[in-house]
Amino acid sequence: MAQLSLRGIKKRFKNTDVLHGIDLEIGDREFVVFVGPSGCGKSTLLRLIAGLDPISDGDFFLNGQKMNDVPPSRRGIAMVFQSYALYPHMDVYENMAFGARLMGLDKPEVEKRIAEAARMLRLEPLLQRKPRELSGGQRQRVAIGRALVRKPAVFLLDEPLSNLDAALRSDVRLEIARLHHDIGGTMIYVTHDQVEAMTLADKIVVMNAGRIEQVGSPRELYETP
Ligand code: ADP
Ligand code: ADP
């Protein structure tokens, strides 16, 4: 279960205000997609939610608990990056095991979770391969698998398809939709792509210049009357 409340979230880098006060409620199991021009603060907001960067002002609550000072590893939130960020010297299995081991899970539990994730993402034949031996789509599935084995309540996905070609993009997009359906986590997803936003989102958040401009369902935002 994962309900998020963002209350007056601001972010300042040195003397530049990047987020000017973000207020948003995200419901349990909701799939929320952030859209908006490059540089408007989407990635920054995800990094604050993940705990990778400190919030300058405002509060972030997860299930009513204030998370501002909770370290990333204890938030129950996993992030998938555009660039995959896999460890090149580790094989697929080790890449997926790494974060799970850091959580202190024992070896049988790690193995069980990796087997589950590999099945869901069709990675079973690839477990012994190194990232360089994989296609872009396979790498991104490993990155998603690595997040999945932590069983997070919240998934953050920062333009996860933007490095893939068109055919792979629709494959991995379907994979993500299926994953959301199967595991029922709360998903927060950043994209430039209107098709992704329309097909994946329960709720679309339109950002511009560090502010939320509009919030609505795909129908409300994209269907002309
Ligand atoms: P988006 O994801 O919407 O493209 P970002 O969140 O990456 O936007 O960036 C928002 C703004 O914050 C940009 O102007 C960017 O240059 C600035 N920014 C991001 N990270 C830093 C940082 N570590 N230091 C200074 N400025 C940053
Ligand atoms: P050890 O604890 O002996 O170092 P690891 O669990 O780290 O063993 O696994 C070593 C390698 O064996 C991994 O890199 C992975 O390729 C492979 N491996 C281990 N367990 C499994 C598994 N359940 N399924 C597939 N491959 C596995």
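By class, the shell around ligand 1 comprises four nonpolar, five polar and one charged residues; here Ala, Val, Leu, Ile, Met, Phe, Trp, Tyr, Cys and Pro count as nonpolar, Asp, Glu, Lys and Arg as charged, and the others, Gly among them, as polar. The shell around ligand 2 divides into two nonpolar, one polar and five charged residues. This is a predicted model, in which local features need pLDDT of at least 70 and side-chain atom pairs count only at pLDDT 80 or more, while totals for chains, interfaces and linings use all residues. Residues are numbered from 1 along each chain as its sequence is written, chains are lettered from A and ligands numbered from 1 in the order in which they are written, and side-chain values use heavy atoms, with hydrogens and water left out.

**Ligand 1**

- The residues around ligand 1 (those with a heavy atom within 4 Å of the molecule) are Phe13, Val18, Pro37, Ser38, Gly39, Cys40, Gly41, Lys42, Ser43 and Thr44.
- Helix 1 (residues 42–50) gives the largest share of this shell, three residues; helices (H or I, at least four residues) and strands (E, at least two) are DSSP runs, numbered from the N terminus.
- Among the polar contacts (pairs of N or O atoms within 3.5 Å), a backbone N or O atom of Gly41 lies 3.0 Å from an oxygen atom of ligand 1.
- A polar backbone atom of Ser43 is 2.8 Å from an oxygen atom of ligand 1, and for a polar side-chain atom of Thr44 the distance to an oxygen atom of the ligand is 2.6 Å.
- Taken alone, ligand 1 exposes 560 Å², of which the protein buries 55%; accessible areas come from the Shrake-Rupley method with a 1.4 Å probe.

**Ligand 2**

- Asp91, Tyr93, Glu94, Arg101, Lys107, Glu111, Leu127 and Gln128 are the residues around ligand 2.
- Helix 2 (92–102) and helix 3 (107–120) each supply at least two residues of this shell, and the largest share, three residues, comes from helix 2.
- Ligand 2 taken alone exposes 550 Å², and the protein buries 52% of that.

**Sheet and hairpin**

- An open sheet of four strands has the order 2-1-4-5 with antiparallel pairing; two strands pair if DSSP finds at least two bridges between them.
- Strand 2 and strand 5 (65–66) are the edge strands, each pairing on one side only.
- Strand 1 (residues 4–13) and strand 2 (residues 16–26) run antiparallel and are joined by eight bridges.
- Arg12 has Asp17 of strand 2 as its bridge partner, and Phe13 has Thr16 of strand 2.
- Two residues lie between the strands of this hairpin, where Lys14 takes a positive phi near 50°.

**Aromatic pairs**

- A search of the whole structure finds two aromatic pairs; rings of Phe, Tyr and Trp (its six-membered ring) pair if their centres lie within 6.5 Å, with planes under 30 degrees apart counted as stacked, over 60 as edge-to-face and the rest as tilted.
- One of them is the tilted pair of Phe31 and Tyr189, at 5.7 Å centre to centre and 50° between the planes.
- Phe31 lies in strand 3 (residues 31–35) and Tyr189 in strand 8 (residues 186–190), so the pair ties together parts that are 158 residues apart in sequence.
- Both Phe31 and Tyr189 are buried, that is, under 20% relative accessible area, whereas exposed means over 50% and partly exposed in between (1.4 Å probe, protein chains only).

Conventions: A polar contact is a pair of N or O atoms within 3.5 Å; within protein, one must be able to donate a hydrogen and the other to accept it, and residues adjacent in sequence count only if both atoms are side-chain atoms.
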